[in-house]
Amino acid sequence: PLRADLPNTSQLLFATGNFRDVRVDATPAANGVSVTFVLYLNYRIGKIVLEGTKGSERTRATHELRVHSGDVLSLSAVDSSAIAVQEQLKRDGYLESTVDPETTFVSERNVADVAFHVTEGPKAKVASVVLDGEIAPFTRDELTSKAKEKPGKPFRLIEARGDADRMKNYLVRRDYRRADVTFVNDTYDAASKTVTLHYKANAGPIVKVEVTGVTRGAVHKVLPFAKNQEYSEDIIDRSADNIVKLYQERGYLNAAADTESHMAGNTWITTFNVRPGQRYTLAQVTFTGNIKVPDKELAKLVQTSPSGGIRRLLATIFRRPSGITRTQLSTDRDTIESYYRLHGFSEATVA
């Protein structure tokens, strides 16, 4: 019985989380067996102190800690917390900051108090902004005026990186939708406590959209580009699909749209060639081959149905689309097929 109980006892001791190792020694004794448990304690973290920083920097630094009161002490986690706090301070502009961790063991309480001694050092300021690349017809001063990190301002890495997006958006809003601005790096000068910010920019061509086959006004709601929308092939493809869907909803079931792009001087022109085709009105929806399920039951499952009576009147008043899209037909087909299979017709197919 004793031999069976020993593993359970060890497991229960481990389960408390207070021991990093449990060893059992059983030796014969005069009246039976002498059992000795050798326990190697885990220290738990008591107080955590962050010294030498305050305000918003202290708040952000606290969020970087990987240790918490009550956790089992891990010296590697303490060290990685010190590194993370120091990196956060550097991102906040304290490029000479240091963080020294100190762990104090209190054996009578089986806890370890952790202190992080922070030396922030001076807060760096921006000395200059370097912008390389082809940005004509824009000027360096015009683009950098859109940045938050200007000469003389306190340096924060998150703002410096965000300035790349701000300058890029400035170009995009002026139809240079293929523009690119990236933050390269920052260079610190310890003597002057200042940072030089480096960016690479390319304005690219003006982007324009043209339409053939229909008027621009007929499709303007689904054309690219929104105010801050960059150019991409995916956006062009989605817009072409949306044009087709728009015309199918208007009754042009076989509508098609393709695109072509070319450079003309410094302008990238994408043309949507739209072919609406014949306009149809849905007159009837029928079902064939449905031996077991009546038409009336299947009609309840599908979206596709002729517009008439009050439905047609409402569609006219509110200018709702009343045509049929290929997507809608495909969805209805899948719905009917799923209905049959859920009712035991495992080999049913619908076309």
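Guide: Begin with Pro137. This model is predicted. Pro137 sits in the loop between strand 6 and helix 4 (140-144).

Visitor: What joins Ala136 and Pro137?

Guide: First the general idea. Most peptide bonds are trans. Here, a cis peptide bond links Ala136 to Pro137, with omega about 10°.

Visitor: Which residue does a cis peptide bond join to Pro224?

Guide: Phe225 is the partner, and omega is about 15°. Phe225 belongs to the loop between helix 6 (216-219) and helix 7 (233-249).

Visitor: Is Asp175 buried, partly exposed or exposed, and why?

Guide: Use the cut-offs. Buried is under 20% relative accessible area, exposed is over 50%, and partly exposed lies in between. Asp175 has 34% relative accessibility, so it counts as partly exposed. Lys193 is partly exposed too, because its relative accessibility is 29%.

Visitor: What is Thr325 in contact with, leaving aside neighbours within four places in sequence?

Guide: Lys245, Gln248 and Glu249. Now compare sequence with space. Thr325 and Glu249 are 76 residues apart in sequence, and their C-alpha atoms are 5.9 Å apart.

Visitor: Can we repeat that exercise on a strand?

Guide: Lys47 lies in strand 3 (residues 44-51). Its relative accessibility is 57%, so Lys47 counts as exposed. Beyond its neighbours within four places in sequence, Lys47 contacts Ser69, Ala112, Asp113 and Val114. Lys47 and Ala115 are 68 residues apart along the chain, with 8.0 Å between their C-alpha atoms.

Visitor: Where is Glu102, and what does Glu102 touch?

Guide: Glu102 is in strand 4 (residues 98-106). Residues up to four places away in sequence are not counted; Glu102 then touches Asp113, Val114, Ala115 and His117. Asp113 and Val114 are also among the contacts of Lys47. Between Glu102 and His117 there are 15 residues in sequence and 7.7 Å in space, C-alpha to C-alpha. Glu102 has a relative accessible area of 38%, so it is partly exposed.

Visitor: Now the chain as a whole. How many helices and strands are there?

Guide: Ten helices and eleven strands. The chain has 351 residues, and 35% of them count as buried. Consider its contacts with a separation of 6 or more: residues 24 or more positions apart account for 57% of these. The chain exposes about 21000 Å², with 51% supplied by carbon and sulfur atoms.

Visitor: How do I read a nonpolar core?

Guide: Think of buried nonpolar residues joined through side-chain atoms. The largest nonpolar core here has 24 residues. Among those with the most contacts inside it are Phe138, Leu143, Phe155 and Leu171. Strand 6 (125-132), helix 5 (157-172), strand 7 (180-189) and strand 8 (194-202) each give at least two residues to this core. Helix 5 supplies the largest share, six residues. Another core, of 22 residues, lies apart from it and includes Val209, Ala240, Ala255 and Trp268.

Visitor: Which element gives the most to the lining of the second largest pocket?

Guide: Helix 10 (residues 326-342), with five residues.

Definitions and conventions. Residues numbered from 1 in each chain as written. Predicted model: local features only at pLDDT ≥ 70, side-chain atom pairs only at ≥ 80, totals over all residues. Heavy atoms only, no water. Helix = DSSP H or I, 4+ residues; strand = E, 2+ residues; numbered from the N terminus. Buried < 20%, exposed > 50% of the residue type's maximum accessible area, 1.4 Å probe, protein only. Contact = heavy atoms within 4.5 Å. Areas by Shrake-Rupley, 256 points an atom, 1.4 Å probe, with all protein chains shown as cover. Core = buried A, V, L, I, M, F, W, Y, C linked by side-chain atoms within 4.5 Å.
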